[in-house]
Every structure is written in C-alpha cells, then in structure tokens.
Amino acid sequence: MAEAAGSGGGSWKRHIVRQLQLRDRAQSGRFLDVVQAYTKLLEKSSLLVHFTEKLQAESFELQAPRSGLETNGSALEPGLGSPEALQTLKIKHQGQIAEMKGVSGELAYRIIELSKLVKAKECKLQEQKTRLASLSGQISELEAEHQQLKGRAEDLGSGNCARKAEYDALHERYRLREGELRRAAEKEQELIESLVRKKVEAAEHQNKKNERVKQARLSRELKKAMKRTVSIDVESDELKPAEVKVPVQELVELEGCEKLWKRPFRSASATSVTLARCVDVFKGLLDFKVKRGNSISSSSEVRYRSMPICLVTCLPSRVSDVQEAHFSEVNAVKFSPSSGVLATGGADSLIRLWNVAGGRLESLQTLEGANGSITSIEFDPSGHQILAAAYNNAAQLWRIGDCKSKETLTGHADKVTAAKFRSTRLQAVTGSRDRTVKEWDLCKGACCRTINVFSYCNDVVCCDNVIVSGHHDKKIRFWDSRGPRCTEVIPVEGKVTSLHISQDQMHLLSCSRDNTLKVIDLKMNNVRQVFRADGFRCGSDWTKAIFSPDKSYALVGSSDGALYLWNMESGKLETILSGEHRVPVNAVAWCFSGQCVVSVDQAKKVVLWK
C-alpha cells in the first residue's frame, strides 16, 4: 500500500515538471523569434554603418579633385570627366544616402517596438518565474502532506489488518455458535416431539383407564339399580317426577352397551331405577365423553364462533358523531364482537380504540408499535386481541389493554395488505403484495404454510377449512387449508379491493375497481348478484365493502365521499348517505347489533351513523 502511494506521488510530480517544461519551451519559442529578429536588425545596422562610412569616404575623394581644379582655374581634361558626370554621381549618392536613412529610420522604429516587446516578454517571464517559484513551494507543501498521508495510510492499513484479524476470529466464533444453536434447536425439536409422543401415550392410557373406571362405576350403579323395586301407579297417566319404570331385561341390555329403551313396561313387579338416578347415570356418561374430547391428547385450540344476535338491521340515516381520529388518512375500521369497542387504523402507524356509547365515540386507548401504515384490522372471536396488517412487511398482534405489540409476524417480502383470524384465536392468515398468502401459528409466532400466487393479494377471508383471497389480477381464489392447491378461481371484471363473508358463511361480497359489488354463492361458487350505481366509484385499491349483520344489505364508500347501500333481496339501491365526507371513503364497519355504522376517509375523519 505504501509502495502504491509512493509511485502515485512520483507520477504526479513528474506530471507537474513535464507541464512546466512544455510551457517553458512554448514561451522560449516565442522569444526565439524576437531574438532572431533583433539579431538581423543588428546585422543590418552594422551594414548600414559600413555603407555610410564608405559613401563618406567616396564623397571626400570626389570633393578633393574638385577643389584642386577650382584652385588651378583650368578646364578639366576630357579624359578625367566632366562636371555633368560628377553632378550625376553626386545625385546618385545623395539618393542612396536618403534611401539608407529611410531604411535606418524604419529599422530604428522596429528596434524600438521590438525592445518594448522584449521588455513585455521579460516581465511575463518574470511573472512566470514567480509563479513557478510559488508552484515549487506548493509542490513542496504537497510532498510534505503526501508524506503525512502516506504515514496515516500505513497506520490505517496496519489497523485494518488488526480489525480484519478480529473480524475473522469473531466470524469463526459466530459460525461455531451458529452450529451449536442449530444442533440445540434440532435437539429441542426432538425433545418436543418425544414429549408430545409421551403425552399422547399418557393421554391414551389415561383415557382408557378413565373409560374402564367409568364403565365399572356404571356397571355398579346399574347392578344396584336392578336390585331395587319400583312401585307403579297403574291408574296414573304420567310418571311421577321422582320415578321411572325400567324392566330388568332392558337394564341388562344397557349394561351390555345396548339401547336403554326398547319396549314398554309389562308388569308392576319389574325391577326399576328412579328417574333421577338414570338421569345422573346418563349425565355422568356424557360428562365422561366430554372429558375424553378435551383430554390432553386432543388439540389445545379453542374454537370460537362469534355469532352476535341481530334480529333486524337498522338502516343508518343521520350522523351521530364525527371525530378526527388520526394524523393521516384512516385505512381500516372494525367493531369488536360485543359492538361496544371500535378500532381504527391509519397511515400514521397507530391503532386507536374507541368506546361506542350513547351515539358518541370516546377515545379509550392508542396501540403503538407498528412501523408502517395500517391496512387491515381484525378482532379475535373473543374480542380480547387485535390483529393488524401493516406496510412494514409484517402483521402484528396486540392484547386489549397493552399498548405495545404482543407478537410480530414477519416473513413477507412486501407490504402486508390483509390479516385475519381463522376459526380459532391461535391461527391467522395474511395476504401480501409479495404474491403470497401465509398461514400462521400464533402460539409459536411462526408461519406454518405459504401459498404462492401469480398476483399480489389485496384481501383474504376465512371460513371453516377454506381460505379465500382477492387479487390484483381480477380473480378470487379459493384454497383448501388441508390441501396444497387452489380449489376454485372466480374471475371478476376489475382488481379486487376487498372481500367480506356473511355470518352464515353462505355468501361472499367482493368490491373491485370496475365500480361494482358482487355477491358470490359459496355453495355453488358463482356470482349471484352484481351491484352498481350511477355516481359510485371505487376510490382506492383498499376500499372495503361489507354485509349488514343480518345479510339484508351491502354497504360501501365511494370516491365522492358518499356511502352507497343496496338491498340484498331486491337488488336495488336502498339509499345514499352523503354530506359529511369530502374525500374518498376507505372503509366502513357495521356493528354486530345492527344499530350503527362507522365510515373512515382519507381526511383523518371517523363518522358514526345511526
């Protein structure tokens, strides 16, 4: 690393020196032209001085004979030349002198200009030298800084080597611990399976023992009963409340596990048991069967059927209360099985619980812990737990009264759009945009089955052993929880936004982006009714539609803020509730008693209708 840094430092220094040399040669080339011109000028000036001296010498030589001839006063001889020739020569020399003077002036002017240019170049050269000196100083500073950085790089390199060694050691320890953890988990699983097997064997043994004890007790009771006599009033039309007639032969058949009542009594002397005693015997027998069904060998799950009584649904007609429930839009709303508590979930990652009493909504509690927008809310059949789906790729479970989440179901790779309880409070189903539907064991908090689908899921519902999912590819799919494959596919005309199953589990209501509601017969698996209306528009991919508790009406919110309600029997639009919402309604909920309706919208508002 240090060698690489040194080679890098030498390369940039050589680059700077090379650039300075190139600039020096370029500027020297410019000055070279000036120097050559100046040299030529000096040569011409020397030549001009030589010509001038020669002409002056010739002029003196010509003037000397002329002065001699004038002093002698005699005429020149024809062989020595005439005055006209001398005059011509003089004129010629004067012209040459004038020409040489002009050339000399031009050369002098050019010398002055070149001198100025030379001075300017000298100034520029001086500036370049100064700049070169400053750059040399910067190069020195950079070299010093480079040495410092090189030292730091060496220190960091040695530190990185030490850290790398520590990381390798920690990674090796982690690998060993992971292996130990895996072996411990396998051993734990084996121990659990062994414990379960032993519990099953113990339960079977205990059941057999209890059955033998019960049969022995029943035999003893029957033998005692056979030894007793019964007084019969032949004239009375009704049996006395404390007595019943039982023939001896039929009691023997009862002891042999045959039917008790086969024929009428024939004589008053027949041995019998009292009615109260027989009732006690049969009650014990029934209790024994119940205990066998709830033994430790059976499933520990407790099945609930939340069937609140709703004789007649009341149509909502007026606004009873309005609350600003969340800091952002409200996506989900649900009544508890008792109809006394309302839960709302919003894009602010909060779930708020409301007490519904006297036509008012009173805030009870806020459940925190979700790390994403809430998309679905569901009460368990007992009303003590809440299951919510969120955009943090997980579903979370809360216990009523606890502010923090009890369990987080992780495993989806994208936003979870729906989360519902199965027929027990210990199982749940979730749907996600990662194109999967998952079944969960809430005791272990683990996924027990994953269903892969070709399109992402917007909603799910459960009935008995069937899971129904609505998808973005305009299809509703039915899955048997006991089998691996899809059992039925029902296409619709638009993207499915919600599913709702009636309390008698006979019909399914779907809402889709083609602005229609469809009622599906679950026995025939076909579309029975289609609801549409002028003005109704499905406002989002998570708009929820519901049945009324007695399945007399279908209710949904529209993008214009109105609630549309259809009559199931006539198939016609019953009423439109408008005036309170100004933005699309995301979800609606009908209390199980059938007395009130709640709607939530994208403007943080919760409206209670009576």
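User: How many of the six residues of strand 10 (residues 416-421) are buried?

Analyst: Start with the terms. Strands (E, at least two residues) and helices (H or I, at least four) are DSSP runs, numbered from the N terminus. Buried means under 20% relative accessible area, exposed over 50%, and partly exposed in between, with a 1.4 Å probe and protein chains only. In strand 10, six of six residues are buried, so the strand is mostly covered. Keep in mind that this is a predicted model: local features need pLDDT of at least 70, side-chain atom pairs count only at pLDDT 80 or more, and totals for chains, interfaces and linings use all residues. Residues are numbered from 1 along each chain as its sequence is written, and side-chain values use heavy atoms, with hydrogens and water left out.

User: Which strand does strand 10 pair with, and in what sense?

Analyst: Two strands pair if DSSP finds at least two bridges between them. Strand 10 pairs with strand 11 (residues 427-432) over five bridges, in the antiparallel sense. A hairpin of five residues joins strand 10 to strand 11. Val 416 stands opposite Ser 432 in strand 11.

User: How many aromatic pairs does the structure hold?

Analyst: Rings of Phe, Tyr and Trp (its six-membered ring) pair if their centres lie within 6.5 Å. Planes under 30 degrees apart count as stacked, over 60 as edge-to-face, and the rest as tilted. The structure holds five aromatic pairs.

User: Why is the pair of Phe 536 and Trp 566 edge-to-face?

Analyst: The ring centres of Phe 536 and Trp 566 are 5.9 Å apart and their planes stand at 85°, so the pair is edge-to-face. This pair links distant parts of the chain, 30 residues apart. Phe 536 is in the loop between strand 21 (526-531) and strand 22 (545-547), and Trp 566 is in strand 24 (residues 563-567). Phe 536 counts as buried, at 0% relative accessibility. Trp 566 counts as buried too, at 1%.

User: What kind of pair do Tyr 564 and Trp 566 form?

Analyst: Tyr 564 and Trp 566 are stacked, with 6.2 Å centre to centre and 25° between the planes. Tyr 564 is buried at 3% relative accessibility. Ring pairs link Phe 531, Phe 536, Tyr 564 and Trp 566 into a cluster.

User: Where does Lys 415 lie?

Analyst: A charge sits over a ring if NZ of Lys or CZ of Arg is within 6 Å of the ring centre and within 35 degrees of the ring normal. Lys 415 lies over the face of Tyr 391, at 4.4 Å from the ring centre.
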